[in-house]
Protein chains: 2
Amino acid sequence: MDTSEPRTRIVATADELYNAKGIQAVGMDELRAAAGVSLKRLYQEFPSKSSIVMAVLERRHASWTEGLDATVRQAATPRERLLAIFDYLAAWFCEDSFRGCGFINSFAELGAISPEVAEYARKHKESFQNYVGHLAREAGAPAYLAPQLSILAEGAQTTAAIAGTPDAARQARAAAEVLIDAALGVEDPDGT
Amino acid sequence: MDTSEPRTRIVATADELYNAKGIQAVGMDELRAAAGVSLKRLYQEFPSKSSIVMAVLERRHASWTEGLDATVRQAATPRERLLAIFDYLAAWFCEDSFRGCGFINSFAELGAISPEVAEYARKHKESFQNYVGHLAREAGAPAYLAPQLSILAEGAQTTAAIAGTPDAARQARAAAEVLIDAALGVEDPDGT
DNA sequence: CGAGCGGGAGAACGATCGTTCTCACTTGGC
DNA sequence: GCCAAGTGAGAACGATCGTTCTCCCGCTCG
């Protein structure tokens, strides 16, 4: 990422600040100072705060999609690719900056008063569910598996954020194994 | 609930407004008007907005706990009691006023800047997990089942809120059945 | 009956927000 | 060297927020 470009630096800084403090708690002046730009340049790059919020959401979506896919691609089998989702979550939960899913948070904060934000959060989650559906189909699983794993992943994110521990990733992964094996019709996955 | 009491009416009204618009989006004057009290009375009952927020969280916790337990108690068997959690969610998601879990939302909105709110949300989720743990123990399930079902319930709440549909309750219930039967060592729950 | 007090309506206050404006300064082209 | 255009720093503006204060009405109690 080219943080020498003011626009990129603004969005990256806004992402960090919004994640750390919440969107409404971060004023334009604080963002201006943290990004090291003048207020004039800020409004030259973005017409309003809400347009910065949308740019941050786009950045988060790209970051999430690319990071998840990179982890998934390292897995060898279709089953392991489904489980890799939860390995990605586990690594994410352990980051110091982790404070829950940015889309859930922004939806909770602004979804009721900003249709833009609500719609973008909906599309992001839909995109994730489609991605899981794609992985599940490749594993030969019935259609009901993808929503189940998606719900597990969502729950792990909120649980880890509120509890402040990364345990939920491991617990969700164990549940996912059971659900995957049941959906794939594995009678005895342990071979016992 | 005695809504003739100003204090009760204030908290009930704040609960509705905060749920519908978010906490930060509802000012004290809007709350005053909706609750039908004077500003003087409002500050006579509560010293500050944050104390109202905490009172709303307490009300939500009581409402959630009682409503959930009432539904659970109607189920006959330990297994059905665990599944009743998701029936309770299903009924909740179908309400027009449903806009996600109030604790997840308040944590997302204020958790980063209000330790009080963050801590109360953590305690609420912990209390729910303990409740599920209690039900799981009565069903004779191993300890790992309760976190799995809790994560499913959390994920169903955020998924239903963002997607705007109650489907997640049904999907989570189906997943819960698989997890419960696996944890209870049921080899073939359908008898096929 | 009348003085005092509690409560309602809403103005006022200081802080903060998003946004715009001012102004001095730099810089690049001729 | 000089003028014009653009930039940065920050003051200013209007709106809104949480909170407090003022004023006035109506009720109570001696």
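This is a predicted model: local features need pLDDT of at least 70, side-chain atom pairs count only at pLDDT 80 or more; totals for chains, interfaces and linings use all residues.

Residues are numbered from 1 along each chain as its sequence is written, with chains lettered from A and ligands numbered from 1 in the order in which they are written.

**Exercise 1.** Work out how helices H8 and H9 of chain A run relative to each other.

Step 1: find the helices, which are DSSP runs of H or I with at least four residues, numbered from the N terminus. In chain A, H8 covers residues 145–163 and H9 covers residues 167–183.

Step 2: compare their axes (lines fitted to C-alpha atoms over the stretch in contact, with angles from 0 to 180 degrees between N-to-C directions). They come within 9 Å and cross at roughly 170 degrees.

Step 3: angles over 145 degrees count as roughly antiparallel, so H8(A) and H9(A) are roughly antiparallel to each other.

Step 4: look at who touches whom; contact means C-beta atoms, placed from the backbone, within 7 Å. H8(A) brings residues including A:Leu149, A:Leu152 and A:Ala156, and among those from H9(A) are A:Ala172, A:Leu179 and A:Ile180.

Step 5: sort the contact by class. Ala, Val, Leu, Ile, Met, Phe, Trp, Tyr, Cys and Pro count as nonpolar, Asp, Glu, Lys and Arg as charged, and the others, Gly among them, as polar. You get 15 nonpolar, three polar and no charged residues.

**Exercise 2.** Find which residues surround DNA strand C.

Step 1: pick residues whose C-beta atom, placed from the backbone, lies within 6 Å of the strand. Chain A gives A:Gly27, A:Met28, A:Leu39, A:Lys40, A:Tyr43, A:Ser48 and A:Lys49, and chain B gives B:Ser38, B:Leu39, B:Lys40 and B:Arg41.

Step 2: H3 (39–45) of chain A and H3 (39–45) of chain B each supply at least two residues.

**Exercise 3.** Describe how chain A splits into domains.

Step 1: take the bounds, which come from an automatic or database domain assignment. Domain 1 is 1–47 and domain 2 is 57–184.

Step 2: over C-alpha atoms, 27 Å separate their centres.

Step 3: seven residues of domain 1 of chain A contact eight of domain 2 of chain A. The domain 1 side has three nonpolar, three polar and one charged residues.

Note on methods. Angles under 35 degrees count as roughly parallel, over 145 as roughly antiparallel, 65 to 115 as roughly perpendicular and the rest as oblique. Two residues are in contact if their C-beta atoms, placed from the backbone, lie within 7 Å.
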